[in-house]
Amino acid sequence: MTAFATQLIQWQYKNGRHHLPWQQTRDPYCIWLSEIMLQQTQVNTVIPYYGRFIKGFPSIKQLAQAPLDTVLALWSGLGYYSRARNLHKAASMIMQEHQGQFPQTRSLIQQLPGVGRSTAAAIAVFSYGKYEAILDGNVKRVFTRHFGIAGYPSESKTQNLLWRKAEELLPSRHQKGSIETYTQALMDLGASVCTRHKPSCSICPIQKNCVAFNDNRIKQLPTPKKRSPLPKKEAIFLICLQQEKIFLYKRPATGIWGGLWSLPEINTSENIEMYCQQQLGICVAPAGSLATLDHQFTHFKLRIHPRLLQVTSQSVTKSLQGIWIKPDAAIKHAIPTPVRKLLEQNFLAEIHHA
Ligand code: SF4
């Protein structure tokens with residue numbers, strides 16, 4: 001076993017996490033779900049969502065049979081909704097192509113929608129004890145610092161080097177349970193010790209041989225991506241009020257916020273009244289301006305100008321189909337994060353202050 005693996009395994013036994021809900025099982029469904037939820041999301045945020053999701057869909061079969069809307073509603077607030085759509089799609093794939101049995105090798109797991117190599121490896125390790133290397137964002141940070149590897153970690157040259165490292169460092173196959181403990185140790189170290197900002201090097205089990213620590217290069221590693229500033233877009237979000245209800249429509253299944261319930265949205269140059277008449281079949285009067293809201297996507301920034309409108313009359317013709325719903329009920333649906341914020345800030349203040 002490499003000294004690196006030995007040190008990490010010993011550290012994990014004493015200092016790592018052992019009581020997370022998905023650590024109490026080898027059921028690949030539970031482990032798959034936890035790995036997907038943990039992508040881009042902190043453990044403490046994931047725990048309640050994980051519990052509700054498992055309760056709502058206790059098996060792959062039940063997940064596959066559920067309407068996508070119900071799945072999205074249980075995911076609501078966790079963000080990155082493509083993860084939920086992919087889970088749902090993958091559950092159907094498991095039922096149809098694998099006779100309801102979760103695939104057992106890393107390469108087969110990796111063919112499920114939304115599952116990359118590292119996630120597939122983690123599922124194979126924790127469910128079946130397979131000898132597979134992981135390389136998620138946290139592990140990349142630990143490796144680039146510990147071994148002093150420069151270059152943006154997701155660039156193919158650096159990434160290939162990191163994968164080779166990840167494979168070389170695996171513990172020996174002879175010691176029972178070592179691959180699971182080692183994999184968990186890497187995750188725990190990246191999440192709680194070798195953190196992005198201010199890593200706790202004084203308590204790090206691999207500090208002695210850490211290149212970044214010894215050469216004072218922690219701030220430079222991992223090498224950041226060369227970024228050009230994100231483009232900025234603006235949009236008006238319409239909050240149409242009628243008998244204390246607001247109008248929401250369902251966004252198309254693909255594209256941004258695919259399949260979520262959202263507020264009607266127009267360009268800043270469009271005429272609000274005309275849009276409401278033509279698309280929603282309502283006449284509206286301004287009922288106030290609300291504070292603007294900024295939301296960042298991966299590829300652009302969106303400045304949202306919310307407009308509060310009172311419905312004055314309604315006709316039968318409209319092209320945008322949707323629902324009228326009270327704001328407190330709306331937030332229980334699968335809605336985009338900024339829409340949730342708008343509703344919480346402007347309609348549910350009394351609930352939050354209660
Ligand atoms: Fe990370 Fe510090 Fe440990 Fe190096 S010594 S691996 S920088 S926590």
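Colleague: What is the orientation of H2 and H3 to each other?

Modeller: This is a predicted model, in which local features need pLDDT of at least 70 and side-chain atom pairs pLDDT 80 or more, while totals for chains, interfaces and linings use all residues. Residues are numbered from 1 along each chain as its sequence is written, and side-chain values use heavy atoms, without hydrogens or water. The axes of H2 (residues 28–38) and H3 (residues 43–56) come within 10 Å and cross at roughly 140°, the axes being lines fitted to C-alpha atoms over the stretch in contact and the angles running from 0 to 180 degrees between N-to-C directions. Since angles under 35 degrees count as roughly parallel, over 145 as roughly antiparallel, 65 to 115 as roughly perpendicular and the rest as oblique, H2 and H3 are therefore oblique.

Colleague: Which residues of H3 make the contact with H2?

Modeller: Helices here are DSSP runs (H or I, at least four residues; strands are E, at least two), numbered from the N terminus, and contact means heavy atoms within 4.5 Å. On the H2 side the contact is made by Tyr29, Cys30, Leu33, Ser34, Met37 and Leu38. Across from them, H3 supplies Val43, Val46, Tyr49, Tyr50, Phe53 and Ile54.

Colleague: H2 also packs with H6. How is H2 oriented to H6?

Modeller: The two helices pack with their axes 10 Å apart, at an angle of about 155°. That angle therefore makes H2, relative to H6, roughly antiparallel.

Colleague: Which residues of H6 does H2 meet?

Modeller: From H2 the partners are Trp32, Leu33, Ile36 and Met37, and both Leu33 and Met37 also take part in the contact of H2 with H3. Their counterparts in H6 are Arg83, Leu87, Ala90, Ala91 and Ile94.

Colleague: At what angle do H9 and H10 pack?

Modeller: H9 meets H10 through Lys140, Phe143 and Thr144, which face Gln159, Leu162, Lys165 and Ala166 in H10. The two helices are roughly perpendicular to each other, with axes 11 Å apart and an angle of about 90°.

Colleague: Which helix gives the most to the lining of the largest cavity?

Modeller: A cavity is a set of points, on a 1 Å grid over the protein atoms alone, where a 1.4 Å probe fits but cannot get out, and its lining residues have an atom within 4 Å of a point. The count comes to 2 cavities of 30 Å³ or more, and the largest has a volume of about 120 Å³, taken as the space filled by probe spheres set on points joined across faces, edges and corners. Of its 14 lining residues, Arg145, Cys194, Cys201, Cys204 and Cys210 lie nearest the centre. The most, 3 residues, come from residues 137–146, helix H9.

Colleague: Which helix has the largest share in the lining of the second largest cavity?

Modeller: About 30 Å³ of space lies in this second cavity. Its lining consists of Glu132, Ala133, Ile134, Ala166, Leu170, Tyr182, Thr183 and Leu186, and Ala166 is also one of the H10 residues that meet H9. The largest share, 3 residues, comes from residues 178–192, helix H11.

Colleague: What is the value of phi at Tyr80?

Modeller: Tyr80 lies in the loop between helix H5 (68–75) and helix H6 (82–97). Its phi is positive, although the residue is other than glycine, with a value near 45°.

Technical notes
On a 1 Å grid over the protein atoms alone, a cavity is a set of points where a 1.4 Å probe fits but cannot get out, and a pocket is an open set with protein on both sides within 12 Å along at least five of seven lines; lining residues have an atom within 4 Å of a point.
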